[in-house]
Amino acid sequence: MEYVVSTKGLTKVYGKHTAVDNVSLHIKRGEIYGFIGRNGAGKTTFMKMLTGLAAPTAGELSLFGKTGEAVKSQTERVGNLIEDPGLYPQFSGYQNLKCKCLALGIHKEGYIEELLAMVGLEAAAKKKVKKYSLGMKQRLGIAMALVGGPDLLILDEPINGLDPQGIAEVRDILLKLRDEQNMTIMISSHILEELYKIADTFGIINKGKLIQELSKEELSSKCSDYIELKCDDTSKACPVLDGMGISDYKVVDNDTIYIYEQVDNLGAINKALANADVMVNLLNVVQERLENYFLELVGGEENA
Amino acid sequence: MLNLIRMNNYRVRHMTCMYVLVIIICLFAVFSVSTISAAVEEMASGEYEEYDGMVDAMIAGYNDAAIEDGNEEGVINIGIDAEENGDAYKEGYELGQEVSMNFGIVSNQPIQPDGTVSSYLAYYYEDISSGLLLMFLTIAVVLFYNREQNSGFIKNISSKLTSRTSIFFSKFVTMGIYMLVIMLITAVSEYFALWIYYDGNLTFGINVLDDFVPKFCVQLLLHIAFLSGVIMVTTVTKSSTMGITIGILAITGFSDFIVLIIKVLLDFDMSKYLIRCNIASVNLNSGSEVVNHALLVGIITIIVYNVIGCTWFAKRDIA
């Protein structure tokens, strides 16, 4: 398997605080990698290390198959938008892009206009960035990250501040970049449902540690629908479920059972329970949400 | 590297505050000419006793110099805090004597007692050797340098470059170009101000051109060396306030306290190796020994500050 990014025990320590703790993560070529974690989980620090903005305290980083000192020469293939877009407020959107193009030696005619059009800012090209809305700044930040046509794009919360239409536009841009240019994209976001729509692989980080790395299919199976059954006596209900060939269920408490299979078979389950003289108080299909799964994984109770 | 210099020059050309600075410097040049001209007029008419404070110091400077030199041409000192004859500072240094402490910015203008300027180039040279330009440029350079950090723009370019030292060094080169441009703008402003004031009766001073050009180059180098130090301090401390404060304190002679303490404690005269002292010591009459010494100090200082700045910048986390 060819990995664009591969880390082994990557660690970053600031004073006594370990921001990223022994993270081993893998990003395949041409995929969108969703990076999930709460505020302060270590997402941004990890992304900074990938882009060369911060040096790892320990561990190994491999970019495009290169390790050690050779990684430095590969960071030029990485575009980033980390924390905030990093723009000169007194300059216009055009001038900000011009600065980056000059720094990278890009003098192609119409290149800046092309980038501005891609993120829908062609009409605001001459407007000063300090007069941009938060969403416009985010979009310009994405355009800045795309200067030079990077092979790997690292975006930290790029849809922050965008309205639903803006989010949809950014989603389309990212999908287009992946599908048409085979660009590898790592993206973190708090809007997990949005991330779920575009990412192929997910990494979940908590307190600096990568606690799970899973594909979209794996996540889908974990976030699938289930039946919530509330009855008078779960000890009487369980043999009925067993008798129906249902084995994937969980007894939550004395009167509640979660059933993870035969979700479309509500009527038959209800009839079987009634025949066994089990009083059904509630029988309902529940849609497991990504947020719930995430909170369960990272310890949602800590948020309370 | 060349691309980064292009980017920096683009920024300079499109930053409003840089144009504001140019206007301030032009106005200051005109103000400087009109102030000293007014003082000279009064002095020529024998009414200088009426002045006090700064102008008294100027007159004292003129009298002392005239008495000491025993010639017709006097020296007028103007400055923010001209406590004593600034010429003693220079001459003392040139002769290898102990250098007196001299706080503030001092400009020694070669104006003759009849109120005429001995030559434009001499006038201009004395103005730049006062270090006054550094006051403005320190602020401009720190603002220019730190804006890239504060805005976060640095994140956009640093990951794209194999060597981060080029980011620091490109700013040094840009600053040198900007320094030269500002010096030339000052030259033009002062020329027109003097030309208007003296109704066109102004000697360009072509006879001092041979002395002027090499010494102007040395001054430029020393000014760049000073600003390298300011950038280095700003880089290390990551603070605009610190960069500006230390820069201005150094220009106005605060470092002389340190020189004095070292002199008393270690019996070592450090002033010879300070950029500010060298800027003041190289005048149009300076011999090659003084000029070469200043040149060496300037080059070494630039190398040291840039090595420290580049190393620090390359090692630390950008964000």
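Tutor: The side chain of B:Ser170 reaches the backbone oxygen of B:Ile167 at 2.9 Å. A polar contact is a pair of N or O atoms within 3.5 Å; within protein, one must be able to donate a hydrogen and the other to accept it, and residues adjacent in sequence count only if both atoms are side-chain atoms. This is a predicted model, in which local features need pLDDT of at least 70 and side-chain atom pairs count only at pLDDT 80 or more, while totals for chains, interfaces and linings use all residues. Side-chain values use heavy atoms, without hydrogens and water, residues are numbered from 1 along each chain as its sequence is written, and chains are lettered from A and ligands numbered from 1 in the order in which they are written.

B:Ser170 lies in helix H8 (residues 165-197) of chain B; helices here are DSSP runs of H or I with at least four residues, numbered from the N terminus. With a relative accessibility of 1%, B:Ser170 counts as buried (under 20% relative accessible area, using a 1.4 Å probe and protein chains only). Leaving out residues up to four places away in sequence, B:Ser170 touches B:Met1, B:Leu4, B:Ile5 and B:Asn8, where contact means heavy atoms within 4.5 Å.

Helix H1 (residues 2-14) and helix H6 (residues 132-151), both of chain B, pack at an angle of about 110° with axes 12 Å apart. The axes are lines fitted to C-alpha atoms over the stretch in contact, and angles run from 0 to 180 degrees between N-to-C directions. That angle makes H1(B) roughly perpendicular to H6(B), a label for 65 to 115 degrees. Ala, Val, Leu, Ile, Met, Phe, Trp, Tyr, Cys and Pro count as nonpolar, Asp, Glu, Lys and Arg as charged, and the others, Gly among them, as polar.

H6(B) also packs with helix H10 (residues 240-251) of chain B: their axes come within 9 Å and cross at roughly 165°. That makes H6(B) roughly antiparallel to H10(B), the label for angles over 145 degrees. The contact of H6(B) with H10(B) has seven nonpolar, six polar and no charged residues. Among the residues that meet there are B:Leu134 and B:Val142 in H6(B), and B:Gly243 and B:Ile248 in H10(B).

Terms used: Helices (H or I, at least four residues) and strands (E, at least two) are DSSP runs, numbered from the N terminus. Angles under 35 degrees count as roughly parallel, over 145 as roughly antiparallel, 65 to 115 as roughly perpendicular and the rest as oblique. Buried means under 20% relative accessible area, exposed over 50%, partly exposed in between (1.4 Å probe, protein chains only).
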